[in-house]
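Here is a short walk through one protein model. Keep the sequence and the 3D view open as you read.

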Amino acid sequence: MGRRDLDESDFRSRPSKRGSRPRTKQRPEHSDAVTGLVTGVDRGRYTLLVGGAAAGLADETVVTAMKARELTRTRVVVGDRVDVVGDTSGEEGSLARIVRIQERTSTLRRTADDTDPYERIVVANADQLVIVTALAQPEPRTGMIDRCVVAAYDAGMSVLLCLTKADLASPDELRALYEPLGVEVVVTRRTPSDDDAGITLVPESVEEVRGRLRGLVSVLVGHSGVGKSTLINALVPDARRATGVVNDVTGRGRHTSTSAVALRLPVGDPGGTDAPDSDAGPDVDGAPATDGAGFDGWVIDTPGVRSFGLAHVEVAHLLHAFEDLDEVAQDCPRGCTHLADAPDCALDDWIEASPEDERPARAARLASFRRLLSSRTGSDA
Ligand SMILES: Nc1nc2c(ncn2[C@@H]2O[C@H](COP(=O)(O)OP(=O)(O)OP(=O)(O)O)[C@@H](O)[C@H]2O)c(=O)[nH]1
Ligand SMILES: [Mg+2]
């Protein structure tokens, strides 16, 4: 909404020592707070989207905010819905104050590595984790993919594996590896044209990705240089995310993107060729990310990571993501690790007792689950 009068609570300073009463009594209830969506974080400054169709308001404002003192120790991340007070005019130089974080529907976490249990929250409230993996430059690493799958399942998010740079190598092998897990796979590639202004992705491949993102809040993760920002730029024409080249010798990216940013996903052109057309796409009824203005979902670009530590993940959580195995594992001995060397693991009996025609599929699924399970403790990222 537009500018509103500020009241004294917006500028309340620290109570003076002399007349100090308990601070909690003085603190305003912030009943005048409005809801904002955190779309970017940069060195203590938060970019928020306030109002708009999602909040039932006509106007939508981009607001810069900082955290109120009482949130000093609380992490606010991209995707968070927050209560904000103060100057929410969005005018240049204005600064609002975040006073509360609303309950999160999901929290994607990672640890720096498995021995360092310091948790980082990557994003909040995302529905889907898009694991972006280049088929070459840099070389794909299944350890990294497995770890991301585990992190997503742990957070209660669905998974999409996006294999990029199919112009350089075939996706077949990786596709076969992830099929038994029920992981959906999409493949993108660049067009052969040489253009100094940057590469162009094959439009059909981009539209296939868009189709899987529709109506959802999706977060792209992966090593540096796999093409996350390139894909975001293809999906969101005015995103203007910087992209970087991959080092020819090491095959590593340059960590071009340095902070996470959430962008609205245009519905796209069903023809699959060009920029979004405002009301062309179908609306998803009731989906929170649909605002009826030519957007249908959110995509979040994140900085490339070297690894995806899983020190925070519990085995039980991982097992919950595999309903069939979870049920069978109820019969395991107490403290069973469910790993291949676990004595009397009920999952092995389940394979043994399978009907002949189901055995290969079950065995593949169990092998995949165990691979994920050991990736939790392994160090191959
Ligand atoms: N050949 C080929 N190159 C691609 C493709 N997609 C992206 N690239 C190139 O890969 C390089 C890295 O792309 P970025 O989009 O910056 O990668 P990123 O994942 O955002 O990297 P960080 O921000 O560092 O995490 C750029 O030189 C892109 O042009 C593709 O499909 N094929
Ligand atoms: Mg990037």
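Start with helix α2, residues 142-154. Its 13 residues reach 18 Å from the first C-alpha to the last. That is close to the 18 Å expected at 1.5 Å a residue. Bear in mind that this is a predicted model.

How many of the residues of α2 are buried? The count is 12 of 13, so the helix is mostly covered, with buried meaning under 20% relative accessible area. After the helix comes Gly156, with a positive phi near 75 degrees.

Now move to helix α4, residues 203-213. Its buried residues are Ser205, Val206, Glu207, Val209, Arg210 and Leu213. Take Glu207, which lies in this helix. Its relative accessibility is 19%, under the 20% limit, so Glu207 counts as buried. Which side chain does the side chain of Glu207 contact? The partner is Arg210, in a polar contact of 2.8 Å. Arg210 is itself on the buried list of α4. Just after the helix, Gly215 takes a positive phi of about 75 degrees.

Next, ligand 1. There are 24 residues around it. Asp167, Ser224, Lys228, Thr230 and Thr256 come nearest. By class, the shell has 12 polar, 7 nonpolar and 5 charged residues. The protein backbone takes part as well. A polar backbone atom of Gly225 is 2.9 Å from an oxygen atom of ligand 1. For Gly244, a backbone N or O atom lies 2.9 Å from a ligand oxygen. At Arg190, the distance from a polar backbone atom to an oxygen of ligand 1 is 3.4 Å. How much of ligand 1 does the protein cover? On its own, the ligand has 660 Å² of accessible area, and the protein covers 92% of that.

Ligand 2 is a magnesium ion.

Ala239 is buried, with a relative accessible area of 14%. Its C-alpha is 9.8 Å from the C-alpha of Ala262. Along the chain, Ala239 and Ala262 are 23 residues apart.

Finish at helix α9, residues 359-377, which holds Arg370. Is Arg370 buried or exposed? At 11% relative accessibility, Arg370 falls under the 20% limit and therefore counts as buried. Its side chain makes a polar contact with the side chain of Asp348, at 3.1 Å.

Definitions and conventions. Residues are numbered from 1 along each chain as its sequence is written. Chains are lettered from A and ligands numbered from 1 in the order in which they are written. This is a predicted model: local features need pLDDT of at least 70, side-chain atom pairs count only at pLDDT 80 or more; totals for chains, interfaces and linings use all residues. Side-chain values use heavy atoms; hydrogens and water are left out. A residue is near a molecule or strand if one of its heavy atoms lies within 4 Å of it. A polar contact is a pair of N or O atoms within 3.5 Å; within protein, one must be able to donate a hydrogen and the other to accept it, and residues adjacent in sequence count only if both atoms are side-chain atoms. Accessible areas come from the Shrake-Rupley method with a 1.4 Å probe; for residues, only the protein chains shown count as cover. Ala, Val, Leu, Ile, Met, Phe, Trp, Tyr, Cys and Pro count as nonpolar, Asp, Glu, Lys and Arg as charged, and the others, Gly among them, as polar. Helices (H or I, at least four residues) and strands (E, at least two) are DSSP runs, numbered from the N terminus. The expected span of a helix is 1.5 Å times one less than its number of residues. Buried means under 20% relative accessible area, exposed over 50%, partly exposed in between (1.4 Å probe, protein chains only). Donors are N, O and S atoms within 2.8 Å of the metal (3.2 Å for Na, K and Ca); water is not among the atoms, so sites may look incomplete.
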